[in-house]
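These are my notebook entries from a first look at this chain.

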Amino acid sequence: MSHRQPDPLGMTFDELAGALGCRAHERAALSRRYRAFMRGAADVEWPPAGPVRRRQADGELTKFAQATAAGFETESVIIPMSRFGRSWQALCVSSQVGCALGCTFCETAQLGLRQNLSAGEIVGQVVAAQRDFGAAVRKVVFMGMGEPLDNFDAVAQAIRVFCDQRGLQLSKERITLSTVGRIHGIRRLAGLGWRRLNLAVSLNAPSDEIRSRIMPVNRAEPMDELRGALLDYARHSDQYIMIEYVLIPGVNDAPAHARQLADYCRPLRCCVNVIPYNPRLDSPWPAPDERSVTAFVEALRAAGQYATRRVTKGRDLMAACGQLGDRRFARRPPPGGLAPVGLVRVGPVG
Ligand code: SF4
């Protein structure tokens with residue numbers, strides 16, 4: 001438990017010690033009580049993770065699904081990682097079943113929103129990865145099904161459990177929350193003071209005109225407002241923001257788009273991660289060829305923007321970025337009916 005973590009007490013350990021006027025020898029005792037309080041506050045019932053219902057593996061990635069209490073299925077992907085001779089696993093978790101935001105390039109969007117997952121169902125994905133696959137999960141990324149900031153409270157609580165001493169004991173810098181850029185949610189996240197949490201923003205376009213075409217959310221929350229929220233957020237974070245850019249042939253992959261994107265990103269402390277498009281089922285677009293991906297990354301760098309490219313994994317398994325959500329297993333409507341594909345909820349979330 002970091003002394004810097006300011007919630008749910010509302011202040012860091014150092015602020016608390018200062019407010020109480022603690023002298024050096026009193027700080028150790030206070031620290032113990034502070035840690036106990038934080039552990040209690042972060043406590044949730046450790047979920048009995050449901051059995052893994054389906055699994056697919058391609059020798060590299062493992063994708064698995066678990067039943068939820070409402071009768072749907074989560075999907076998660078175990079991703080092997082290695083660096084400097086050490087290997088471990090990252091887990092891509094879902095925060096919802098389906099998604100209401102209707103991005104045109106995304107398989108999950110085809111389901112509409114079926115269910116918000118509970119904190120237990122989110123944590124349960126990690127439990128299953130460890131229990132059923134022996135994964136050593138050292139990194140969690142909220143890049144599976146759903147928009148995490150539209151299920152704010154459950155996602156925040158799951159992150160507390162991931163970081164708790166009795167939980168996964170991850171540091172926040174090993175957790176990445178990926179959002180389309182829900183502005184109210186970004187502001188709420190900034191308010192939690194989790195300075196080391198990684199934030200990734202799915203931008204995917206250099207202009208409002210293109211973004212509104214492929215991401216309906218942009219019509220309600222345009223790029224200028226999003227950048228304003230990110231600039232505010234950066235004051236509450238120690239991390240670079242990751243700008244994700246799914247490169248779609250004929251849509252957003254021209255050299256001029258790279259220059260426009262670099263201009264947009266200039267005020268931000270960010271890295272652009274170029275993700276070669278992974279076609280959804282019935283996709284109107286193909287995957288980009290290697291040459292156009294390299295050319296786009298180089299054009300960004302030439303314009304002065306720090307840029308990387310994501311290595312494509314799991315495309316054949318429908319386990320790559322933007323491909324989760326099996327339409328065959330998402331038929332049962334929740335009480336109250338389904339949110340239609342493309343619904344954009346405006347205003348406060350969570
Ligand atoms: S890209 Fe993300 S926000 Fe957009 S529809 Fe897919 S899951 Fe939802």
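I began with a working term: contact means heavy atoms within 4.5 Å. With that in hand I looked up Arg53, and, leaving aside its neighbours within four places in sequence, I found it in contact with Ala65, Gln66, Ala67 and Glu73. Arg53 has its place in strand β1 (residues 52-57). Helices (H or I, at least four residues) and strands (E, at least two) are DSSP runs, numbered from the N terminus. I also noted that the C-alpha atoms of Arg53 and Phe64, which are 11 residues apart along the chain, are separated by 7.4 Å.

**Ground rules**

This is a predicted model, where local features need pLDDT of at least 70 and side-chain atom pairs count only at pLDDT 80 or more, while totals for chains, interfaces and linings use all residues. Residues are numbered from 1 along each chain as its sequence is written, and side-chain values use heavy atoms, with hydrogens and water left out.

**The whole chain**

I counted 10 helices and 12 strands in the chain. Of its 350 residues, 54% count as buried; buried means under 20% relative accessible area, exposed over 50%, and partly exposed in between (1.4 Å probe, protein chains only). The chain exposes about 15,500 Å², and carbon and sulfur atoms supply 51% of that. Such areas come from the Shrake-Rupley method with a 1.4 Å probe, and for residues only the protein chains shown count as cover. Among contacts with a separation of 6 or more, 69% join residues 24 or more positions apart.

**The cores**

Which residues have the most contacts inside the largest nonpolar core? They are Phe162 and Ile243, in a core of 74 residues. Helix α4 (residues 152-163) gives the largest share of this core, nine residues. Apart from it lies another core, of 18 residues, among them Leu101, Ala109, Val251 and Trp285. A nonpolar core here is a set of buried Ala, Val, Leu, Ile, Met, Phe, Trp, Tyr and Cys residues joined through side-chain atoms within 4.5 Å. As background, nonpolar side chains tend to be buried together in soluble globular proteins.

Next came Phe142, found in strand β7 (residues 137-142). Phe142 is buried, with a relative accessible area of 2%. Beyond four places in sequence, its contacts include Val93, Ile122, Val155, Phe162 and Leu177. Phe142 and Val155 are 13 residues apart in sequence and 9.0 Å apart in space, C-alpha to C-alpha.

**The ligand**

What surrounds the ligand? I found Cys99, Leu101, Gly102, Cys103, Cys106, Ala109, Gly146 and Val180 around it, each with a heavy atom within 4 Å. This shell divides into six nonpolar residues, two polar and no charged. For that count Ala, Val, Leu, Ile, Met, Phe, Trp, Tyr, Cys and Pro are nonpolar, Asp, Glu, Lys and Arg are charged, and the others, Gly among them, are polar.

**A buried glutamate**

Is Glu121 buried or exposed? Glu121 is buried, because its relative accessible area is 18%. Glu121 is found in helix α3 (residues 119-133) and touches Thr68, Ala69, Gln115 and Asn116, not counting residues up to four places away in sequence. A polar atom of the Glu121 side chain lies 3.2 Å from the backbone nitrogen of Ala69.

**Two positive phi angles**

Most residues other than glycine have a negative phi, and I came across two exceptions. Asn204 has a positive phi of about 70° and lies in the loop between β9 (198-202) and α6 (208-214). At 0% relative accessibility, Asn204 counts as buried. Asp282 has a positive phi of about 60° and lies in the loop between β11 (270-276) and α10 (290-302). With a relative accessible area of 65%, Asp282 is exposed.

**Last entries**

Leu324 sits in the segment after β12 (307-309) and is buried, with a relative accessible area of 3%. The C-alpha atoms of Leu324 and Arg280, 44 residues apart along the chain, are separated by 8.9 Å. Asp263, in helix α9 (residues 255-265), counts as partly exposed at 44% relative accessibility.

Note on methods. Polar contact = N/O pair within 3.5 Å; in protein donor to acceptor, adjacent residues only side chain to side chain.
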